[in-house]
Amino acid sequence: MQILIVEDDVRLARALAHILEENGYGTDVVHDGATGLAWAESGRYDVIVLDVMLPKKDGFSVAADLRRAGVSTPVLLLTARDAVPDKITGLDSGADDYMTKPFSPAELLAHLRALTRRHGEVLFEKLPAGDLELNLESHDLTCSAKSIHLSYKEFCLAKVLMANAGVVVSKDLLIEKVWGVESTAEDNNVEAYVSFLRKKMKFLGSTAHIETLRRAGYRFSADAAPHGEDGPSC
C-alpha cells in the first residue's frame, strides 16, 4: 500500500513515514496543502494522511477539493485540535476519519486498517512471484522450504520488483519507492541492493532472477537467468 503524508512538521512527517515503512507501507511525504492536493489528485495512493494546519492550503480545503475532483481516496485527518466543531468540519469536508495529536503508532495503524477495510481493500500477507514468496509482515523471502530474512530496503526492493514481475522498473522509480522522493540515493545505491537481493535469491536456490536492462532498469523474471545475466549492474 502507498500512503501520502501531508504534514508541515518535518520531524513529525519523518516519524510518521518511519512508522508506516516499518510496518510494510510505502510512503511519500510533502509539507504543504497545495502540493499535497496536486499529489493526491494523481490517484496513486491508497490512503492520504492529512494534517489540518498546513501552509498554502489547509487540510479541510484539501479534502473538500479532492472530493469535488472526484478523488475517492480515503483521507485520515491529523490535528492538534480536539473541539467537536473542528471534527465535524473535517468530516463534512470529505475526510473519512479523524485523529487528534498526540497519538500512538498503534492507534495510527489501527485507523489505517479500518480505512482500508471500509474501502474494500484486501491486504495479502504474502506476495508470490515465480518460485519465490515474500512475506509482507515478517519480511522473509521463501523458496520451497528454504527461507531468508531481508533487510528493510531489500524487502522494499523485492516487493516492487516481484509485484511488477515481467515489467521493466526504472532506477528512478526504485529510488522513489524504496528510498523516498526526497532521498539523496543514487543509481549506485540501487545497484548495491539489487546485488544483495540477487545473492539471497541465489542462496535460496530460486530459478527466478533480476534482469538488468541497460539504460532502462530492472525486470524480475520467474525463469532461470541466461548465463551471465546477473552480472554487474549498469
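Trainee: What share of the contacts between residues at least 6 apart in sequence joins residues at least 24 apart?

Mentor: In this protein chain the share is 53%. Keep in mind that the model is predicted. The chain has eight helices and 11 strands, and 45% of its 234 residues count as buried.

Trainee: How should I read a sheet, and what is the strand order in the open sheet of four strands?

Mentor: The general idea is that strands of a sheet pair through backbone hydrogen bonds, either parallel or antiparallel. Here the order is 6-7-8-9, and the pairing is antiparallel. The edges are strand 6 (126-129) and strand 9 (146-149); each has a single partner strand, so one side of each lacks a neighbour in the sheet. On average, neighbouring strands are turned by 20° against each other, direction ignored.

Trainee: How many bridges join strand 8 to strand 9?

Mentor: Four bridges join them, and the two strands run antiparallel. D140 has H149 in strand 9 as its bridge partner, while T142 is partnered by S147. Strands 8 and 9 form a hairpin with two residues between them, and S144 in the turn has a positive phi of about 55°.

Trainee: Which strands does helix 6 touch as it packs on the sheet?

Mentor: Helix 6 (residues 152-163) touches strand 6, strand 7 (132-135) and strand 8, and its direction makes about 130° with that of strand 7. Helix 8 (residues 187-204) also packs on the sheet, where it touches strand 7, strand 8 and strand 9; its direction makes about 155° with that of strand 9.

Trainee: Which residues touch the most other members of the largest nonpolar core?

Mentor: The general idea first: in soluble globular proteins, nonpolar side chains tend to be buried together. In this model the largest nonpolar core has 31 residues, and those touching the most other members are L132, L141, L161, M162, L197 and F220. Elements giving two or more residues to this core include strand 7, helix 7 (171-179) and strand 11 (217-221). Helix 6 supplies the largest share, eight residues.

Trainee: What is M162 in contact with, leaving aside its neighbours within four places in sequence?

Mentor: M162 contacts L127, P128, A129, L132, E133, L134, L141 and F220.

Trainee: Is A40 buried or exposed?

Mentor: A40 has 1% relative accessibility, so A40 counts as buried. A40 is found in helix 2 (residues 33-40). Beyond its neighbours within four places in sequence, A40 is in contact with L4, Y45, I48, L66 and V71. A40 and V6 are 34 residues apart along the chain, and their C-alpha atoms are separated by 9.4 Å.

Trainee: How many salt bridges does a search of the whole structure find?

Mentor: Side chains of opposite charge can pair when their charged atoms come close. The search finds 10 salt bridges in this structure. In one of them, the side chains of E7 and K101 meet at 3.2 Å, N to O. E7 lies in the loop between strand 1 (2-6) and helix 1 (10-22), and K101 in the loop between strand 5 (97-100) and helix 5 (105-118), so the pair ties together parts 94 residues apart in sequence. E7 is buried at 1% relative accessibility, whereas K101 is partly exposed at 21%.

Trainee: Which residue forms a salt bridge with R44?

Mentor: E176 does, with the closest N and O atoms 2.7 Å apart. E176 is in helix 7 and R44 is in the loop between helix 2 and strand 3 (47-51), 132 residues apart. R44 is partly exposed, with a relative accessible area of 34%.

Trainee: Where do K171 and E191 lie?

Mentor: K171 lies in helix 7 and E191 in helix 8, 20 residues apart. Their side chains meet in a salt bridge of 2.7 Å, N to O. K171 is buried, with a relative accessible area of 10%, and E191 is partly exposed at 22% relative accessibility.

Note on methods
Residues numbered from 1 in each chain as written. Predicted model: local features only at pLDDT ≥ 70, side-chain atom pairs only at ≥ 80, totals over all residues. Heavy atoms only, no water. Pairing = 2+ DSSP bridges. Axes fitted to C-alpha atoms, helices over the stretch in contact; angles between N-to-C directions. Contact = heavy atoms within 4.5 Å. Core = buried A, V, L, I, M, F, W, Y, C linked by side-chain atoms within 4.5 Å. Buried < 20%, exposed > 50% of the residue type's maximum accessible area, 1.4 Å probe, protein only. Salt bridge = Lys/Arg side-chain N within 4 Å of Asp/Glu carboxyl O.
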